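Biologist: Could we go through this model together? I would like to begin with one of the loops and then turn to the overall fold.

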Amino acid sequence: MIVVEGDVINNLEEAANWLREAWIYEPYNIWYEEYGDYKCINIEPNRGTTDRTCWYLFSLKEFEKFIS
């Protein structure tokens, strides 16, 4: 569990939802994937900005580092 801007985030799915809301006007598609033990937040550019960086976050620790 981590706390970001007053919001409690317990898992990667909640982190993906938080990030989607925080980046609502940014040119990125953000989604959560889960297949068995595999859990990941995918962040990929869209709207003609495919030259930007993609990110894949596999833990709350990576998420916390990403947003800081």
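Biologist: Is G48 buried or exposed?

Modeller: This is a predicted model. In it, G48 is exposed, since its relative accessible area is 73%.

Biologist: Where is the place of G48?

Modeller: G48 sits in the loop between β4 (38–45) and β5 (55–57).

Biologist: How many Å apart in space are G48 and N17?

Modeller: Their C-alpha atoms are 23 Å apart, and the two residues are 31 positions apart in sequence.

Biologist: Changing topic, how many helices and strands are there in the protein chain?

Modeller: The protein chain has two helices and five strands. Starting at the N terminus, their order is β-β-α-β-β-β-α.

Biologist: What is the radius of gyration of the protein chain?

Modeller: The radius of gyration is 12 Å, close to the 11 Å that the globule rule gives for 68 residues, so the protein chain is as compact as a globular protein of that length. Along the principal axes, its C-alpha atoms fill a box of roughly 35 × 30 × 15 Å.

Biologist: And what percentage of the residues count as buried?

Modeller: Of the 68 residues, 34% count as buried. As for contacts with a separation of 6 or more, 31% are between residues 24 or more positions apart.

Biologist: Now the helices. At what angle do α1 and α2 pack?

Modeller: Helix α1 (residues 12–22) and helix α2 (residues 60–67) pack at about 20°, and their axes are 10 Å apart. An angle under 35 degrees counts as roughly parallel, and α1 and α2 are therefore roughly parallel to each other. The crossing in which α1 passes α2 is left-handed.

Biologist: Which residues in α1 and α2 meet?

Modeller: From α1, the residues are L12, A15, W18 and L19; from α2, they are L60, F63, F66 and I67. By class, this contact of α1 with α2 has eight nonpolar residues, with no polar and no charged ones.

Biologist: Where is the place of E5, then?

Modeller: E5 lies in the loop between β1 (2–4) and β2 (7–9). E5 is exposed, with a relative accessible area of 72%.

Biologist: By how many Å are the C-alpha atoms of N11 and Y35 separated?

Modeller: They are separated by 15 Å, with N11 and Y35 being 24 residues apart along the chain.

Key
Residues numbered from 1 in each chain as written. Predicted model: local features only at pLDDT ≥ 70, side-chain atom pairs only at ≥ 80, totals over all residues. Heavy atoms only, no water. Axes fitted to C-alpha atoms, helices over the stretch in contact; angles between N-to-C directions. Helix = DSSP H or I, 4+ residues; strand = E, 2+ residues; numbered from the N terminus. Parallel < 35°, antiparallel > 145°, perpendicular 65-115°, else oblique. Left-handed = near helix turned anticlockwise from the far one by under 90°. Contact = heavy atoms within 4.5 Å. Nonpolar A, V, L, I, M, F, W, Y, C, P; charged D, E, K, R; others polar. Rg over C-alpha atoms; globule rule 2.2 N^0.38 Å. Buried < 20%, exposed > 50% of the residue type's maximum accessible area, 1.4 Å probe, protein only.
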